[in-house]
Structure formats: C-alpha cells, structure tokens
Amino acid sequence: DYVTDDVDLGVHYSADAGYLSFSWRLSEFESKNAALRWQNPFTSGTGADSGALAQAPDNSFQQLSLSGAYRFTKLRTALGFTAAAGKMEQNETFLPYTTNTNLNAGALPEANLNGNVNTTNLALTLNSNVTDRATVSAALRYDERDNRTEQVVWTRVITDDFVSSESETNTPYSYERFTFNLRGDYDFSNSVRGSAGYDYRRMDRDFQEVTEQKENGGWGGLRWRPNGAF
C-alpha cells in the first residue's frame, strides 16, 4: 500500500534563434507499511520465533533545472546547455536491531538514517558547420552525487539469534563524473564522408576500491553510399 506523487512545473520561452526553459520537479514516495512481519516456521532459539523486514522507506526528491540553446546564424553554430541541482531526503524511522526480546543489542545510535544526497548535472554542447562540407561538434558533461548522510557505527545481530562482537558503519557512496566528446565530419563527395573523434571520461568515487578512473579514446572512419548522398 504505497503512493508515488510526481509534480512538474516549468516555464518555457522560445525565440527564432533559441529557447530558455526553467523547471521544478518533485517526486515523493510514501508507504503505509513500514515492515513485513512473520512467524518463524523453522526451529529457532528462544525469542526468535518471529521476524521483521523493513520495506522501502518514505523518501522525496526535488530538482531545479535550467536549459537553453542559441543559434548563431552568421557563424552557423548552435550552443546548448543544461544545469540542474537536486536533493534527495529519507528519514524513515528504523526498526529495532532485532525482534528477539531475549537479546540485549542495545539502543540504536540513531532513530533514522537522516539521508541527504545532493545531485548536480551540467552539460554544454556545441555544433558548428565550419564549411559546407565540414561539421564539428563538442560536448561537455559533469555529474555529481554528493552523499552527505552521516556515518554511524551499528551493532551486528545475526539472524535474530545472537549479538555479534563486530560492528558496521554505513557507507555514504558519492561520485563525480566528467566526460568530453569531440567529433568532426567531412564530406569528400556527395557519397563519401570521413569522420573522426576523441572521447575522454573521468570518474572519482568515495569509499570504493577504484577511487579514480580515466579513459581516453580516439576513433576514425570512412563511409561510402554508392546509391545516394548523405
């Protein structure tokens, strides 16, 4: 028994040479059932005759975005951009460590996750007809997920039967991703086109084995259409 509400509001302005858009988005998820509970059908220790599993928590996401494009007629060039900032929140109340009343696992260090994640998305594109035969396009993109959820140390309880001597810390995964793409096309004739490009990608991560990753790639190609023009 759950409900998802989505709201989108925006303003859009168009002109002969371009456009500009501003929008706000809200997405909320609400569940009537905080947990799934059951009786243990298997042989178990004293007090472990039932169990509980948390369901998907209530959460919300908001985002503001601005996008636009402009065409420079004399330069035969078009420029476009997108900028967006979002925020995700989740503060559903936690279930206790265990349903086993005979186990002394202690109190939870926090009543809820107080999850807080910020997102940033930026993009810029450029397309230009350099000559009647040559075109160039370039694209930049930056994406960030900034997880600001606090790290807390938790006690481990094994299958509602015993309290482990070990502990765990929640991991607020975050990342930054940057990409750049460059492409050029040239028509040698009405049926032969040459293309070449360069791609770059960089990824920075938190709390993972590979914290930084870079990729570079170049490519080229020649296409021929014997029965028609491009």
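Is S174 buried or exposed in this model? The views below are of a predicted model, in which local features need pLDDT of at least 70, side-chain atom pairs count only at pLDDT 80 or more, and totals for chains, interfaces and linings use all residues. Residues are numbered from 1 along each chain as its sequence is written, and side-chain values use heavy atoms, with hydrogens and water left out.

**View 1. S174 and its surroundings.** S174 is buried, its relative accessible area being 7%; buried means under 20% relative accessible area, exposed over 50%, and partly exposed in between, with a 1.4 Å probe and protein chains only. The residue belongs to the loop that joins β10 (162–169) to β11 (175–187). Strands are DSSP runs of E of at least two residues, numbered from the N terminus. Setting aside residues up to four places away in sequence, S174 touches R145, D146, N147, D204, R205 and D206 (contact means heavy atoms within 4.5 Å).

**View 2. S128 in strand β7.** Strand β7 comprises residues 115–129 and includes S128, which is buried with a relative accessible area of 17%. Its side chain makes a polar contact with the side chain of T77, at 2.9 Å. A polar contact is a pair of N or O atoms within 3.5 Å; within protein, one must be able to donate a hydrogen and the other to accept it, and residues adjacent in sequence count only if both atoms are side-chain atoms. Apart from neighbours within four places in sequence, S128 is in contact with L75, R76, T77, A134, T135 and V136.

**View 3. The largest pocket.** A pocket is an open set of points on a 1 Å grid over the protein atoms alone, where a 1.4 Å probe fits, with protein on both sides within 12 Å along at least five of seven lines; lining residues have an atom within 4 Å of a point. The largest pocket holds about 560 Å³ of space. Of its 22 lining residues, L95, P96, Y97, L108 and T155 lie nearest the centre. At least two lining residues come from each of β3 (35–39), β4 (50–54), β9 (153–158) and β10.

View 4. The loop between β12 (192–205) and β13 (212–224) contains F207, which is partly exposed with a relative accessible area of 46%.

Terms used
Helix = DSSP H or I, 4+ residues; strand = E, 2+ residues; numbered from the N terminus. Points joined across faces, edges and corners; volume = space filled by probe spheres on them.
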